[in-house]
Amino acid sequence: MLTDNQYDAIVIGSGISGGWAAKEFCEQGFKTLVLERGRDVKHLKDYPTAYLDPWQFPHRNQLPKSVAEENPIAARCYAFREDALHFFTKDKEQPYIQEKPFDWIRGYQVGGKSLTWARQVQRWSDFDFEGPARDGFAVDWPIRYRDIAPWYSHVERFIGVSGKKEGNAFMPDGEFLPPFELNAVEQMIQQEVARNYTDRQVLHGRCAHVTKPQAVHIAQGRTSCQARSLCSRGCPFGGYFSSNASTLPWAAKTGNLTLRPGSIVESILYDEGKGQAIGVRIIDQQTHERQEFYAAVIFVNASALATNQILLNSKSKRFPNGLGNDSGLLGKYIAFHNYMGRLSGEVEGFEDSYYYGRRPTQPLIPNFRNVAKQEADFLRGYALFFSAYRTRGQQEGDGLGAAFKDALLVPGRWQVSMMMQGETIPVAENHVRLSETEVDPYGMPQLVTSVGYQENDFKSMEDFLTQGTAILEKAGVKNIKQHRNQQNPGLDIHEMGGARMGHDPKTSILNAHNQMHGCPNVYVTDGACMTSTGTQNPSITYMALTARAVHHAVKLFLVGRE
């Protein structure tokens, strides 16, 4: 019989991976406590800007100067605008120490950043899982594509993924709903890439948007994406996947979910006699009182850096340097995605072609550099994302009056933009740790981020600019301009590592099932678990790893319990 503070499973975090852990545990009949440090956000009810037009915002949906000045970190994020400010953590709410410039973008609320993510979902291939061992960096992943492929399918069918089966070995096909189609110029570029290259291919974008609802999506209360491009406000249609619209309500329907917002996890409790974790200590956000909850298994899904912070702060006689940190590697080998390179250009012709709606994805070219073998003077590579679009308002003058308003309805020339999403190489010096002197408003040690670019990242960027320019030139794109933005690490919002998976407890924190080597009833399945970054958007890999790990934990710790 469970007591008020006793559960079968505790999940720390309610975002993309935490929501999946909750769904899987609850669906299998286990009493599950989800701890969220931020406020509650309920689907539909708590999307206050979802239906507002630009002129209904006091600042026409622009960021007020005072808000930008108060939030120099968050303000660098493209989605931190007047319509979504309520879904972002403000800089002063949770301070941290930047030993090197690092933009830590956070969303402390139920659903986390699943409300504001970019929703792009591409599977990894064996080329990605084998990369570290083959190319001699990081450590070997303890899993391969065959281990996670069924779980990718399990996740895709539930969340809804639009895409197209295109047979690319570097980016495996998935369980797809109908794709968002390419426009005329993008189709032309796709054809030219196929004509000029044998090692690269333009694919339709793969995104977590429902384009043709299936029974499972209707059962979730979701319907088709309306192509409004207002996703960061929260989607009242459930057109894209979020914990709030999908996994958390699904878990709640079972009657097995307890969701506790405003619960800041201080540490995981370790029992020396039992040799395992027994629960979690939290700080109530409002009262600052401490409270403890207990469970047979604990999933840590607080987001990559927050998970590292919790684990580092979970100290005991057995683990004086943080839970599971026998190797001394906890907090090390932080990596991210390299977005420093961008290209833009113009396309002549196609004046009789346009497009409909605001498509929530872009075509992409999977990584083709150093995939099967080392062939360049840098390690790994990058995926290329691009889009073609028409400008509007081709009117000379001062931008006032009837002529200007009429010109806004006239399509201009076609333009193309392209960006890189590059793999960065995990290195020990890129790390996070706890401050020995500074604490946050709740008395917990502040996190110190010491994460920066490496020479490899700049070489990768230059190669992208060279190769991307050549691709666009072969497609007939004119006036191509190269852009080197050197944005701070972290602004990619794809931080990973610190509690990496691996074969050997001496060189990793987690095993092949995302269990801690030194504390097997604690699992980490958010970005902290990643051994390397690949060139894909990472969220679907977190979800698949989470579902897989829950089923492992159930068999190991929960089946047969009274």
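Guide: The axes of helix α4 (residues 145-159) and helix α11 (residues 539-558) come within 8 Å, crossing at roughly 110°. Axes are lines fitted to C-alpha atoms, for helices over the stretch in contact, with angles from 0 to 180 degrees between N-to-C directions. Helices are DSSP runs (H or I, at least four residues; strands are E, at least two), numbered from the N terminus.
Guide: This is a predicted model, where local features need pLDDT of at least 70, side-chain atom pairs count only at pLDDT 80 or more, and totals for chains, interfaces and linings use all residues. Residues are numbered from 1 along each chain as its sequence is written, and side-chain values use heavy atoms, leaving out hydrogens and water.

Visitor: How are α4 and α11 oriented to each other?
Guide: Their axes cross at roughly 110°. Angles of 65 to 115 degrees count as roughly perpendicular. So α4 and α11 are roughly perpendicular.

Visitor: In which hand does α1 pass α11?
Guide: The axes of α1 (residues 16-27) and α11 come within 9 Å and cross at roughly 35°. A crossing is right-handed if the near helix is turned clockwise from the far one by less than a right angle, and left-handed if anticlockwise. For α1 and α11, the crossing is right-handed.

Visitor: What is the phi of Ser 303?
Guide: Ser 303 sits in the loop between β7 (290-300) and α8 (304-313). Ser 303 isn't a glycine, yet its phi is positive, near 95°.

Visitor: Where is Leu 44 found?
Guide: Leu 44, also not a glycine, has a positive phi of about 75°. Leu 44 is in the loop between β2 (32-35) and α2 (65-70).

Technical notes:
Parallel < 35°, antiparallel > 145°, perpendicular 65-115°, else oblique.
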